[in-house]
Amino acid sequence: MASSVAIVILNYNGRHYLEKFLPNIIRYSQGYEIWVADNASTDQSIEWLSEQYPGLKTLIISENKGYAGGYNEALNRISSDYYILLNSDIEVTENWIEPVISFMESDIKIAACQPKIRAFDLPTHFEYAGAAGGYMDYLGYPFCRGRIFDTREEDLGQYDDEKDVFWATGACLFIRAAAFHEAKGFDESFFAHMEEIDLCWRLLNMQYRITYCGKSVVYHVGGGTLHKSNPRKTFLNYRNNLIMLFKNLPKGRRWKTVLIRLVLDGISSVRFMATGAWPDVIAIIRAHFAFYALIPSLTKNTKRTTYRAPLYYRSVVWEYFVLGKHRFNQLTGIKSATTPKS
């Protein structure tokens, strides 16, 4: 019996994206269940859907719970063997589902997988959110094959493979339902941003595999809900990164790493000062104090980590900004990016 697959689009005031991208999703997803889970939109998204696509399955969430809470509620109400968490600002292509599901079916330990993510605004290049699979250095800085900080590589077929990675993007996340529920879904305290990295890290610590499949390609607009220049996004990224490190690092490395990151965050705020981006500086300060307030509950509720997921044990910040290594294949020892022995 074939495994069931549910495509779940979490929508928040994204009617304009649904109008643009939903036709292709329907066209290239024949035979698969499609859901739109609405996160308390105020732009008449649901009314438009019921008028234009009366047969489409919709799910109403009573308040905006962000990416994490919205998907948790939606996936608790949808029964399927696999979920595809799809941003509303994604353009899918022909045969975007089958290669990924086939790859995941080859090993029950594959909990999550992402396709190749190209940029909608520059289709020849990789997109920021995921590119060709995500990695993270030991200080908690995420990067991707095909994208490191602000440098996006051109897609020349260099990542047309199937590969284990550290994290798979939430922009188009294929996930095994049993693994998602076993891990108790996303951490809703994140609200949005980095919740998929946190989930992937927890799944790795549960000794599942996180993977990338280059045989499937989608295009991502990016910044559909919060633009990268929005101080709210700065706040969520800085706060959530600290929460993620504290939760998932082994106890012996937790405080040392977090303290280093607090210092580096302070240094990074100087860059915002230099450009006059004071709202972002304030957002970083707020993020730190929000993290401090959460430490007692994090200490109480964080489970002891015994398995060390494969971080990149060099500083991607140093290699990028000081050594000028802007492409993934230039990073030192990346092919054997594993944790050191205890």
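A disulfide is a pair of cysteine sulfur atoms within 2.5 Å. By that cut-off, this predicted model holds zero disulfides. Cys144 is in no disulfide, since the nearest cysteine sulfur, that of Cys200, is 11 Å away. Cys213 is likewise in no disulfide: the nearest cysteine sulfur belongs to Cys113 and is 5.3 Å away. Each of these distances can be set against the 2.5 Å limit. As for solvent accessibility, Cys144 has a relative accessibility of 0% and therefore counts as buried. Cys213 is buried too, with a relative accessible area of 0%.

Glu105 lies in helix α4, which spans residues 98–105. Its relative accessible area is 43%, so Glu105 is partly exposed. Leaving aside residues up to four places away in sequence, Glu105 touches Ser3, Tyr82 and Arg176.

Thr124 sits in a loop, the one between β6 (110–119) and β7 (134–136). With a relative accessibility of 41%, Thr124 counts as partly exposed. When residues up to four places away in sequence are not counted, Thr124 touches Glu154 and Asp155. Thr124 and Arg202 are 78 residues apart in sequence, and the distance between their C-alpha atoms is 33 Å.

Methods. Residues are numbered from 1 along each chain as its sequence is written. This is a predicted model: local features need pLDDT of at least 70, side-chain atom pairs count only at pLDDT 80 or more; totals for chains, interfaces and linings use all residues. Side-chain values use heavy atoms; hydrogens and water are left out. Helices (H or I, at least four residues) and strands (E, at least two) are DSSP runs, numbered from the N terminus. Buried means under 20% relative accessible area, exposed over 50%, partly exposed in between (1.4 Å probe, protein chains only). Contact means heavy atoms within 4.5 Å.
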